[in-house]
Amino acid sequence: MISIKSDREINLMRHAGHINFLTHEELKKHIKPGITTEKLDKIAHDFILKNDCTPSCLGYEGFPKSICVSINDEVVHGIPGKRKIKNGDIVSIDFCVRYKGYESDSARTYIVGNVSDEVSKLVQNTKEALNIGLSKVKSGAKIGDISHAIEEFAHSKGLGVVEDLVGHGIGTEMHEDPEVPNYGKENTGIVLKSGMTIAIEPMFTLGGKEVCLTDQDDWVIVTEDESPSAHFEHTVLVTDDGYEILTGE
Ligand code: MF3
Ligand code: CO
């Protein structure tokens, strides 16, 4: 079932999204060579609690930390720990913030120090793909319009599109209907309506689309060909004439 949010619910999601944004802004100051991923987790965890919200990744299906930190060939769900960020890494940070029963979900990929032009373009183009996907959002458009635009852009840039992970509806649950794939055909799928809230999240690679779990844990998902991967995500509200980013400035 796809829920249409009331004004009251939208306001709660706006607040959750705003704290999500501010948490990303706080983390941004600390993403430098030498910092451990568990330190980033602690900064986010404390910041979210201080703002009377809940870091809802913590304990979600047993996930042990408050944020996901995924480095280089790790696509999503990296578990913070002793690993240190280093020059030349790309670091994807993804997490959900909950406020009075309502979720927000947002991800960004950071370039740390010097990376190749190819890797830099991967990150820039994944960010651009999120904007292209967003530009398709409005009441009356279809999910496939978003999916197709993102996929077409990735392919025009020679990038791989991860298909095993998709965007999603969001509200009282982190993952609700509908699915929002990063591939598909225009004019297919469900029709968007004002008051729906969805998370759009392109995940691209410098290689193929195949991803898998590692044997380290049951969480981190890596590219099969070990190519680097980038991820950007916003939670958005569908409106009559477009959209409102709930996890933006
Ligand atoms: N944004 C991530 C997702 O939609 C957050 C997952 S929380 C985790 O998959 F607990 F699963 F890590
Ligand atoms: Co998500």
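A polar side-chain atom of D94 lies 2.8 Å from a nitrogen atom of ligand 1, a polar contact (a pair of N or O atoms within 3.5 Å). This is a predicted model, in which local features need pLDDT of at least 70 and side-chain atom pairs pLDDT 80 or more, while totals for chains, interfaces and linings use all residues. Side-chain values use heavy atoms, without hydrogens and water.

| Residue | Ligand 1 atom | Distance |
|---|---|---|
| D94 | nitrogen | 2.8 Å |
| H77 | oxygen | 2.9 Å |
| H175 | oxygen | 2.6 Å |

The protein buries 95% of the 330 Å² that ligand 1 exposes when taken alone, by the Shrake-Rupley method with a 1.4 Å probe.

Now to the metal. D105 (OD), H168 (NE2), E201 (OE) and E233 (OE) coordinate the cobalt ion (ligand 2) at 2.1 to 2.2 Å; donors are N, O and S atoms within 2.8 Å of the metal (3.2 Å for Na, K and Ca), and sites may look incomplete because water is not among the atoms. Along the chain, these donors follow the spacing D-x62-H-x32-E-x31-E.

Notes
Residues numbered from 1 in each chain as written. Chains lettered and ligands numbered in written order. Polar contact = N/O pair within 3.5 Å; in protein donor to acceptor, adjacent residues only side chain to side chain.
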